[in-house]
Number of protein chains: 2
Amino acid sequence: MIRHLVLFKLDEGVSRDEPRVVAGHEAFAALDGVIPELKSWQCGWNITVRDIAYDYAIVCDVEDRDALQRYIAHPDHQAAAGRWREFATWVVADLES
Amino acid sequence: MIRHLVLFKLDEGVSRDEPRVVAGHEAFAALDGVIPELKSWQCGWNITVRDIAYDYAIVCDVEDRDALQRYIAHPDHQAAAGRWREFATWVVADLES
């Protein structure tokens, strides 16, 4: 199993309640149950105020590296990531267990 | 429940197999079962080669914000984080569920 982690940082001046940002969250939230490779799915806003805190995160589990690639290539995931590309940057890590 | 996510980036020129880095991983791995606030615990090296990939990650679950603060303040966690401060930087996000 691979746990796929993504932490997003909103660009300077972007706020969580902008319609495009709300739509970005909804696009990620809608992936749950739609992409068959996802064994688990969680996305949401960071709740802690710290200098090193990013704004938003995804935690999901997929079976293996092939499943991870299929998830990343899925058109609904690509569309959601495309929305976020307009107002945020992100970093990732994948843990094997 | 709060899911606490940390992604670490090794400083330029630091490699995973340096003794201080191996010891840093072992210090985090040893927290499992030691800090009572931890409802789940996972730490390990990133397995994906991407420009936006960080090197190491922690995913853990704690009951609430108070438990998160007790975890962060725990001397064993502080000691492990102190090791990592010598050779890495990190970003965090906390998701509530």
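Which residue stands opposite A:Asp61 in E3(A)? Select A:Ser40 and you have the answer: A:Ser40 is the one facing A:Asp61. Keep in mind as you click around that this is a predicted model.

**Stop 1: strand E3 of chain A**

Now select the whole of E3(A), residues 56-62. The strand is mostly covered, with 7 of its 7 residues buried. Color by side and you can see how that works out: A:Tyr56, A:Ile58, A:Cys60 and A:Val62 are buried on one side, while A:Ala57, A:Val59 and A:Asp61 are buried on the other.

Next, bring in the neighbors. E1(A) pairs with E3(A) in the antiparallel sense over 7 bridges; for one of the bridge partners, pick A:Val6 and A:Ile58. E2(A) also runs antiparallel to E3(A), with 6 bridges between the two.

**Stop 2: salt bridges**

Over all chains, the structure holds 8 salt bridges. A:Asp61 sits in strand E3 and A:Arg3 in strand E1 of chain A, so the pair links parts of the chain 58 residues apart. Are these two buried or exposed? Both count as buried, A:Asp61 at 10% relative accessibility and A:Arg3 at 17%.

Jump to A:Arg20 and A:Glu18, another salt bridge, where the closest N and O atoms are 2.9 Å apart. Here A:Arg20 is partly exposed, at 40% relative accessibility.

One further pair to show is A:Arg65 with A:Glu96, whose closest N and O atoms are 3.9 Å apart. A:Arg65 counts as partly exposed, at 45% relative accessibility.

**Stop 3: where chain A meets chain B**

Show both chains and select the contact residues: 29 from chain A and 29 from chain B. About 2,600 Å² is buried between the two chains, and carbon and sulfur atoms give 62% of that. How many salt bridges are there between chain A and chain B? The count is 0, though 14 residue pairs are in polar contact across the interface.

On the chain A side, the elements giving two or more residues are strands E1, E2, E3 and E4 plus helix H2. E4(A) gives the most, with 7 residues. Color this side by class to finish, and you get 18 nonpolar, 6 polar and 5 charged residues.

Technical notes. Residues are numbered from 1 along each chain as its sequence is written. Chains are lettered from A and ligands numbered from 1 in the order in which they are written. This is a predicted model: local features need pLDDT of at least 70, side-chain atom pairs count only at pLDDT 80 or more; totals for chains, interfaces and linings use all residues. Side-chain values use heavy atoms; hydrogens and water are left out. Contact means heavy atoms within 4.5 Å. Buried area is the accessible area (1.4 Å probe) that two parts lose on being put together, summed over both. A salt bridge is a side-chain nitrogen of Lys or Arg within 4 Å of a carboxyl oxygen of Asp or Glu. A polar contact is a pair of N or O atoms within 3.5 Å; within protein, one must be able to donate a hydrogen and the other to accept it, and residues adjacent in sequence count only if both atoms are side-chain atoms. Helices (H or I, at least four residues) and strands (E, at least two) are DSSP runs, numbered from the N terminus. Ala, Val, Leu, Ile, Met, Phe, Trp, Tyr, Cys and Pro count as nonpolar, Asp, Glu, Lys and Arg as charged, and the others, Gly among them, as polar. Buried means under 20% relative accessible area, exposed over 50%, partly exposed in between (1.4 Å probe, protein chains only). Two strands pair if DSSP finds at least two bridges between them.
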